[in-house]
Amino acid sequence: MKTTVVGFPRIGENRELKVATESYFRGDITQEELVDKGKQLRRMHWNLLKEKGISLIPSNDFSFYDTTLDTAVLLNIIPKRFLDLKLSPLDTYFALARGYQGKAGDVTALPMKKWFNTNYHYLTPEFEETTEVKVAGTKLFDEYLEAKTLGIETKPVVLGPFTLIKLAAFNGTTEETQLQGLITAYKEIIATLNELGAQWIQLDEPSLVKDISEEDRELFLTIYQELTADSRTVKLLLQTYFGDVRDIYADLLAVGVDGIGLDLVEGKKTLELIKTLGFPQNKQLFAGVVNGKNIWRNDYRQTLGILEQLPQEQLVLSTSCSLLHVPFSVEQEVFPEETVQHFAFAKEKLSELTELAAIVDQTAGALINEPLAANQQLFRSERVLENKKLARKVAGLTEADFQRQPAFEERSVVQKYTLDLPILPTTTIGSFPQTREVKAARAKFKKAAISKETYQEFLEGKIADCVAFQEEIGLDVLVHGEFERNDMVEYFGENLEGFLFSKNAWVQSYGTRCVKPPIIWGDVSRKRPITVAWSAFAQQLTNKPVKGMLTGPVTILNWSFPREDISIKESTLQIALAIQEEVLDLEANGIKIIQIDEAALREKLPLRRSDWYREYLDWAIPAFRLVHSKVAVQTQIHTHMCYSEFADILPAIDQMDADVISFEASRSNLSLLEALNAHHFQTAVGPGVYDIHSPRVPSVVELTTTIKTLLEKIPVEKLWINPDCGLKTRGEKETFASLENMTQAASQVREALVYEPVRE
């Protein structure tokens with residue numbers, strides 16, 4: 001039985017791609033050196049997949065920043081403002097991803113959004129009136145030939161045309177105008193790869209797992225009927241993931257592709273669709289049975305039970321999605337054997353695929369052999385013991401535990417009087433730059449190279465400098481800078497029971513940004529106060545309010561690898577009770593403003609609208625309310641969300657009952673404002689006025705214009721001024737300049753609003 005993966009992690013075993021790319025950004029290495037590092041990584045990954053016995057090895061799943069952006073560049077979908085910079089092709093590519101500010105000009109980056117229900121982010125392709133869609137790049141073909149010269153036949157992977165259209169923005173043009181050019185370009189891609197001798201082409205179409213309207217169905221059929229009309233020897237794999245294709249399954253079976261990739265992990269109805277509607281004998285079924293998003297071992301008996309119900313002659317075993325979303329390998333971890341045996345990262349999932357294929361091939365359905373026996377022994381063992389006291393506490397929660405009193409309108413009056421903030425109050429999202437100095441001190445402390453007292457003194461010095469800077473530039477609500485934190489989730493998990501932490505389990509979030517998600521191993525409870533000492537210390541240094549900075553329970557869950565033995569709802573409620581204790585301790589220590597970040601609220605939102613509330617929001621929103629339901633009326637609760645589309649869930653966000661919510665808005669061209677206005681959003685809001693994921697520094701004039709635009713849609717008494725996200729990934733120079741410009745812009749607008757000329 002053949003095996004494949006949808007995609008493989010590209011950052012390298014030790015984040016080599018991140019290191020090289022950031023070195024290029026700093027000017028420490030040349031373009032040639034960066035390109036060479038990419039070749040080294042691709043060669044290593046292709047050889048690894050070959051050695052592990054994977055039959056169909058993907059190519060073009062590698063990217064220096066984002067594969068959706070790669071597809072846009074391949075097809076010449078580059079807005080004119082970037083072409084006008086007249087940079088090299090590689091620097092134009094990075095300008096699209098990061099923005100550009102230099103001798104050639106000043107442009108902001110393309111909008112960045114969450115990739116379906118994951119923590120990965122993609123760059124939004126942007127069609128303009130002047131866009132001429134054509135095959136302009138060669139990366140797709142070059143990497144196929146590159147592998148071929150190594151003696152490795154690959155399956156070139158490219159984002160499919162239907163999903164590209166659904167993810168793209170159209171400015172001054174329309175889908176209809178661009179459609180034929182897009183189809184023609186994809187036909188050229190297929191023809192070129194056919195001439196090069198490719199055996200398979202993988203067209204990724206994850207948008208097909210979402211709600212499909214009749215217009216969507218017609219668009220899909222228009223594209224694929226034309227794409228598959230020409231004769232060819234290369235086979236087309238239409239690959240879906242992150243759910244099932246219930247709305248369009250029958251049409252998938254009818255179009256002229258040669259293989260269909262279906263998710264049997266997250267696709268709740270996938271097996272039912274196959275059993276009910278069948279699967280054609282002239283196509284191959286790429287069965288996604290190994291979870292590409294979580295790190296737990298595959299239960300072979302359960303998976304084999306699924307495979308037995310599928311057409312055996314046409315099966316190719318696959319991952320449910322790209323392995324981009326899991327770490328590279330457990331081989332570099334230091335967990336005890338009794339722990340690590342439960343984990344399968346990307347490299348181990350390759351072995352799971354080949355073992356499953358061997359079990360099916362060797363036994364012809366008999367579920368007995370050595371790998372299977374070892375796997376089942378693992379799943380028969382008891383992994384964790386239940387915290388019965390916590391279970392009773394969760395079971396005993398009542399409706400009153402999820403409701404804050406008094407109501408928002410009454411609280412806002414009291415808070416306005418208590419905090420005495422000016423109109424258009426300025427603040428940041430929380431974190432300040434994590435410099436090399438900060439990271440080095442933390443590393444020394446973890447290695448016991450410096451004492452706890454020395455480390456604490458260092459951190460207090462950084463906090464004092466941070467508070468002094470914020471006061472100097474005139475911010476109204478300060479933060480302590482979060483210098484003690486490595487990662488907003490990992491830091492909290494280290495102070496909670498039930499979490500495990502890896503040494504090297506990095507996962508790409510976007511571009512060169514990598515995260516190391518904690519593993520929720522067992523029941524979660526708070527060991528000790530987590531942030532109280534640092535927030536209280538910062539508050540002692542200033543008369544201005546200092547925000548306590550916490551990560552919310554839904555985000556902690558969504559940015560961790562969750563358990564699979566209990567529901568994510570139950571796990572989230574456990575975390576919420578732990579963070580509630582922290583909130584009340586902050587309040588008791590004089591912190592009047594507490595921000596509980598839910599940056600990842602949308603991340604696990606079901607991709608089908610009909611499932612939003614029943615399967616997710618009906619418990620995720622109350623879990624957030626549980627965290628702050630017991631605070632005093634004077635305490636102002638903030639939350640923050642970033643890089644997702646929120647307009648369609650604003651009613652649910654309002655139900656979080658926070659007092660202030662900050663959103664990412666800069667990369668989405670402030671499009672959220674119309675929705676906020678239409679919804680009559682009750683909560684005060686801080687739409688991010690500049691993009692922190694770009695190194696460019698916005699001018700005072702630019703920021704003043706942005707604030708005035710915000711005031712056209714948001715009442716002045718409800719508007720806060722802040723960046724669009726935390727600042728930890730930025731450099732100090734650009735951060736300080738941007739914040740100073742932001743406070744100056746807010747001050748200028750504020751003065752204009754309160755100035756009234758004296759009349760004679």
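Mentor: Contact, as used here, means heavy atoms within 4.5 Å, and residues 24 or more positions apart account for 79% of the contacts in the protein with a separation of 6 or more. The model is a predicted one, in which local features need pLDDT of at least 70 and side-chain atom pairs count only at pLDDT 80 or more, while totals for chains, interfaces and linings use all residues. Residues are numbered from 1 along each chain as its sequence is written, and side-chain values use heavy atoms, with hydrogens and water left out.

Trainee: What does the radius of gyration of the protein agree with?

Mentor: The radius of gyration is taken over C-alpha atoms, and the globule rule is 2.2 Å times the number of residues to the power 0.38. For 760 residues a compact globule would be near 27 Å, and the protein has 26 Å, which agrees. Along its principal axes the C-alpha trace spans about 85 × 65 × 50 Å.

Trainee: How many helices and strands does the protein have?

Mentor: Helices (H or I, at least four residues) and strands (E, at least two) are DSSP runs, numbered from the N terminus; by that rule the protein has 28 helices and 23 strands.

Trainee: What makes helix α21 mostly covered?

Mentor: In helix α21 (residues 532-540), 7 of its 9 residues are buried, including W534, F537 and A538. What covers the buried residues of α21 includes α19 (452-473), α20 (490-493), β19 (547-551) and α23 (568-588).

Trainee: Which residues touch the most other members of the largest nonpolar core?

Mentor: A nonpolar core is a set of buried Ala, Val, Leu, Ile, Met, Phe, Trp, Tyr and Cys residues joined through side-chain atoms within 4.5 Å. The largest holds 107 residues, and L75, F220 and F343 touch the most other members. Helix α8 (residues 175-196) gives the most to this core, with 8 residues. Apart from it lies another core, of 98 residues, among them L459, A538, I653 and V685.

Trainee: How do you know the direction of helix α1 relative to helix α2?

Mentor: Axes are lines fitted to C-alpha atoms, for helices over the stretch in contact, and angles run from 0 to 180 degrees between N-to-C directions. The axes of α1 (residues 16-26) and α2 (residues 31-51) come within 9 Å and cross at roughly 170°. That makes α1 roughly antiparallel to α2, given that angles under 35 degrees count as roughly parallel, over 145 as roughly antiparallel, 65 to 115 as roughly perpendicular and the rest as oblique.

Trainee: What is noted about the phi of L424?

Mentor: Phi of L424 is near 50°, a positive value in a residue other than glycine. Most residues other than glycine have a negative phi. L424 sits in the loop between α17 and α18 (436-446), and at 0% relative accessibility L424 counts as buried.

Definitions and conventions:
Buried < 20%, exposed > 50% of the residue type's maximum accessible area, 1.4 Å probe, protein only.
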